[in-house]
Amino acid sequence: MLAAPMTRGAYWPSAFGLAFVFGFFFVGGTGYRILIAVLFQDASRKASASWSGATAASALAALTAAILFIGRDGDSVLVFAAYAVAINTAYIPVKFACLEAGCCHAHYRDPFLIRDHDLRRVEITLSILVLVACLTSIWLDAFGVAAAVGIGGHLGVRILSRWSRDRLPGSSLDGDLKGPELLPLALVLVAAVWAAAYQ
């Protein structure tokens, strides 16, 4: 809904169309492990849903959309701000699902944020704070700030989560791909800051 005006088309069809695009890449990324397991017909492969895949795929989709709208007055910033709201909003129920499933516990605890708290509750709290800051910036018409705070905040939460669970890239030798969402999020953050500064 936030990014719909950039299409220069009818508002509601544009809003639903953009929501479908985000959802398509988000859901497709979520299921990439399942698709790999089916493709190779290997029951030993992990076939769980993947937040990392969802984030990476949707971040690259947002980056592509923003590139397509470079040159229009502030349109790419709208894409980044909309993505910032969407990715943080989606993360909160995912972490509640982790609480329900009993997964994603911390292995390491930093002395400032996690300490003796449940990592998943810390992630939920931080995501809510990032989302509130993002929405407040949008309300103040500071879309560039919203994009930077929302995307940067989510990247920070993901780095904290991965470090706490010993899941940073290169942190183990088991051959499992770790952190595929970190580089796309970093690229989107850099592009959002650039667009806010120069567009």
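Student: Helices (H or I, at least four residues) and strands (E, at least two) are DSSP runs, numbered from the N terminus. What follows α4?

Tutor: Helix α4 is followed by G102, whose phi is positive, near 80°. Please keep in mind that this is a predicted model, in which local features need pLDDT of at least 70 and side-chain atom pairs count only at pLDDT 80 or more, while totals for chains, interfaces and linings use all residues. Residues are numbered from 1 along each chain as its sequence is written, and side-chain values use heavy atoms, with hydrogens and water left out.

Student: Stepping back, how many helices and strands are there?

Tutor: The protein has seven helices and zero strands. Along the sequence, the pattern reads α-α-α-α-α-α-α.

Student: And what share of the residues is buried?

Tutor: Of the 199 residues, 42% count as buried. Buried means under 20% relative accessible area, exposed means over 50%, and partly exposed lies in between, using a 1.4 Å probe and protein chains only.

Student: What part of the contacts joins residues 24 or more positions apart?

Tutor: Such pairs make up 64% of the contacts with a separation of 6 or more. A contact means heavy atoms within 4.5 Å.

Student: Back to α4. What should its 27 residues span?

Tutor: Helix α4 covers residues 75–101, and at 1.5 Å a residue it should span 39 Å. Its end C-alpha atoms are 39 Å apart, so the two values agree. The expected span is 1.5 Å times one less than the number of residues.

Student: Which residues of α5 are buried?

Tutor: Among them are L119, R120, V122, E123, S127 and C134. The cover over the buried residues of α5 includes α4 and α6.

Student: Is R120 buried or exposed?

Tutor: R120 counts as buried because its relative accessibility is 5%. The residue is found in α5, which runs over residues 119–139. Leaving aside neighbours within four places in sequence, R120 is in contact with K95, C98, L99, G102, C103, C104 and H105. G102, one of these, is the residue with positive phi that follows α4.

Student: Where is S127, and what does it contact?

Tutor: S127 also has its place in α5, and it counts as buried because its relative accessibility is 0%. Setting aside neighbours within four places in sequence, S127 is in contact with N88, Y91, I92 and V157. S127 and A90 are 37 residues apart in sequence, and their C-alpha atoms are 9.7 Å apart.

Student: How are two packed helices described?

Tutor: They are described by the angle between their axes and the distance between the axes. Axes are lines fitted to C-alpha atoms, for helices over the stretch in contact, and angles run from 0 to 180 degrees between N-to-C directions.

Student: At what angle do α3 and α7 cross?

Tutor: The axes of α3 (residues 51–68) and α7 (residues 182–198) come within 8 Å and cross at roughly 25°. The two helices are therefore roughly parallel to each other. Angles under 35 degrees count as roughly parallel, over 145 as roughly antiparallel, 65 to 115 as roughly perpendicular and the rest as oblique.

Student: Which residues of α3 and α7 meet?

Tutor: T55, A56, A59, L60 and L63 in α3 meet P184, L185, L187, V188 and A191 in α7. By class, this contact of α3 with α7 has nine nonpolar, one polar and no charged residues. Ala, Val, Leu, Ile, Met, Phe, Trp, Tyr, Cys and Pro count as nonpolar, Asp, Glu, Lys and Arg as charged, and the others, Gly among them, as polar.

Student: Lastly, at what angle do α4 and α7 pack?

Tutor: They pack at about 135°, with their axes 9 Å apart. That makes α4 oblique to α7.
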